[in-house]
Amino acid sequence: FDFNLPQRFDLIYQDDEGNRSQPYMVHRAVLGSMERFLGVLIEHYGGAFPVWLAPVQAMVIPIADRHEKYAESIRSALESDGFRVEIDTRNERMNQKIRTAQLQKIPYMLVVGDREMEAGAVAVRQRDGEDLGALALSEFQDRLRVESIAGGANSN
């Protein structure tokens with residue numbers, strides 16, 4: 001019930017007895033409530049959602065065109081595990097791709113090149129710029145699995 005807006009807008013109606021009365025306003029906002037909640041959530045995190053909530057949890061960044069097939073295998077492995085992953089195959093420098101992912105506030109960037117292909121690994125960077133170095137794909141999957149649990153202690 002809203003008692004303020006009818007007064008602010010000077011809303012008046014004539015009742016059955018001919019008296020002028022001020023109405024009570026009833027708001028119903030099923031979707032509006034959800035939209036406001038999402039707005040509060042976005043503002044709270046400043047768009048840098050924890051891993052479990054991030055629309056894209058990891059961005060795979062191949063260093064060169066020859067690494068794209070390996071990047072695709074990384075994406076497929078992570079997606080089959082239920083993670084939300086994309087590949088940046090734009091014709092840009094690696095540093096530009098990393099910067100773009102940071103601006104998009106993606107929690108993890110997985111850089112893949114010759115060394116990572118040979119080792120079956122990914123070079124992991126966090127959105128805050130911290131370089132975690134090369135991790136075996138299974139080790140990164142375990143880390144992502146822990147952080148993807150809502151409210152996990154290690155949520156980024």
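This report walks through strands, a helix and aromatic pairs in a predicted model.

Residues are numbered from 1 along each chain as its sequence is written, and side-chain values use heavy atoms, with hydrogens and water left out. In this predicted model, local features need pLDDT of at least 70, side-chain atom pairs count only at pLDDT 80 or more, and totals for chains, interfaces and linings use all residues.

**Strand β5 and its partners**

Let us start with strand β5, residues 108-112. Helices (H or I, at least four residues) and strands (E, at least two) are DSSP runs, numbered from the N terminus. How many residues of β5 are buried? Five of its five residues are, where buried means under 20% relative accessible area, exposed over 50%, and partly exposed in between (1.4 Å probe, protein chains only). In a regular strand the side chains alternate between the two faces of the sheet. In β5, Y108, L110 and V112 are buried on one side, while M109 and V111 are buried on the other.

Strands pair here if DSSP finds at least two bridges between them. β3 and β5 run parallel and are joined by five bridges; A58 stands opposite Y108 in β5. β5 and β6 run antiparallel, with four bridges joining them.

| Residue | Partner | Strand of the partner |
|---|---|---|
| V124 | G133 | β7 |

Strand β6 (residues 121-126) is also mostly covered, with five of its six residues buried. It pairs with strand β7 (residues 131-136) in the antiparallel sense over five bridges. Four residues lie between the strands of this β6 and β7 hairpin, where G129 takes a positive phi near 100°.

**Helix α3**

Helix α3 covers residues 68-80. Its 13 residues reach 18 Å from the first C-alpha to the last, close to the 18 Å expected at 1.5 Å a residue (the expected span is 1.5 Å times one less than the number of residues). Which residues of α3 are buried? They are Y70, A71, I74, R75 and L78. Seen down the axis of α3, these buried residues fall within an arc of 145°, so they line one face of the helix; the arc is that of the directions from the helix axis to the C-beta atoms. The face turned away from the buried side carries the exposed residues K69 and S80. Elements covering the buried residues of α3 include β3, β5, β6 and α6, where contact means heavy atoms within 4.5 Å. After α3 comes G82, whose phi is positive, near 95°.

**Aromatic pairs and a polar contact**

Rings of Phe, Tyr and Trp (its six-membered ring) pair if their centres lie within 6.5 Å; planes under 30 degrees apart count as stacked, over 60 as edge-to-face and the rest as tilted. By this rule there are two aromatic pairs. The rings of Y45 and F49 have centres 6.1 Å apart and planes at 65°, so this pair is edge-to-face. Y45 is partly exposed at 29% relative accessible area, whereas F49 counts as buried at 15%. Y108 and F140 also form an edge-to-face pair, 5.2 Å centre to centre with 85° between the planes. Y108 lies in β5 and F140 in helix α6, so the pair ties together parts that are 32 residues apart in sequence. Both Y108 and F140 are buried.

The side chain of Y108 also makes a polar contact with the side chain of E147, at 2.7 Å. A polar contact is a pair of N or O atoms within 3.5 Å; within protein, one must be able to donate a hydrogen and the other to accept it, and residues adjacent in sequence count only if both atoms are side-chain atoms. E147 is found in α6, residues 137-147, and is buried, with a relative accessible area of 2%.
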